[in-house]
Amino acid sequence: MGREVVQPPQQQQQQQQTVPYTVEQLVAVNPYNPDILPDLENYVNEQVSSQTYSLDANLCLLRLYQFEPERMSTQIVARILVKALMAMPAPDFSLCLFLIPERVQMEEQFKTLIVLSHYLETGRFRQFWDEAAKSRHIVEAVPGFEQAIQAYAIHVLSLTYQKVPRPVLAEAINIEGLSLDKFLEHQVANCGWILEKGHGRGQLIVLPRSEFNHPELKKNNADGIPFDHIARIFPILG
């Protein structure tokens, strides 16, 4: 359930008799009212601190910034984009970027985030982690960022590999040595991974079987892109 916030102006006279609106209700009922802008900004910070996420609320805030450019907080926009990166492979980053003015995108921190998104989209994880290390002040402001990107990297590897070489995995998730050993122990115990015999760089990790790395498991009726992946794009483009 969302955080309680101040009611829209038309409801303020009934403040004593009604329950305060949640952020989700404000977005649904009055999405173009600039009076809800502070609540949406606070909600972004709440998403960061509580490691939750609401694409709809964040898109609503970016739309309001278009109408109230003088009230735009670049810190809030940066946090929205970092949270959107963490949602990959969903297309949230592109949806958010579509609502951010080009003059704002040209600022250094946003150029960096755009580069990071490009590296992720193209599976260039070594370049991604190198660039992220130079911009820790941006990404480390959002808890859970590293873990979310590691999960995305594993997702990408599972689309390609049945057995992934240890060096490839280490580069993709930016973990090496004893830390990687502990990570693998956890994945074996909890996620169905299997370690083949071998040591060091020659070790192979068997990933769980799926319709992606084992095409024979794919059902005939699942050949296309799921409709819900497409449908979620339409509202923002409208």
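Buried means under 20% relative accessible area, exposed over 50%, and partly exposed in between, with a 1.4 Å probe and protein chains only. This is a predicted model, in which local features need pLDDT of at least 70, side-chain atom pairs count only at pLDDT 80 or more, and totals for chains, interfaces and linings use all residues. Residues are numbered from 1 along each chain as its sequence is written, and side-chain values use heavy atoms, with hydrogens and water left out.

**View 1. Gln51 in the loop between α2 and α3.** Phi of Gln51 is positive, near 55°. Gln51 counts as exposed because its relative accessibility is 51%.

**View 2. Asn174 in the loop between α11 and α12.** Here the helices cover 166–173 and 177–191. Asn174 is not a glycine, yet its phi is positive, near 60°. Its relative accessible area is 33%, so Asn174 is partly exposed.

**View 3. The cis peptide bond from Met88 to Pro89.** Omega is near 20°. Pro89 sits in the loop between α4 (74–86) and α5 (92–97). Most peptide bonds are trans, and most residues other than glycine have a negative phi.

**View 4. The protein as context for the close-ups.** The protein holds 14 helices and three strands. Of its 238 residues, 42% are buried. Take contacts (heavy atoms within 4.5 Å) between residues at least 6 apart in sequence: 53% join residues at least 24 apart.

How values were computed: Helix = DSSP H or I, 4+ residues; strand = E, 2+ residues; numbered from the N terminus.
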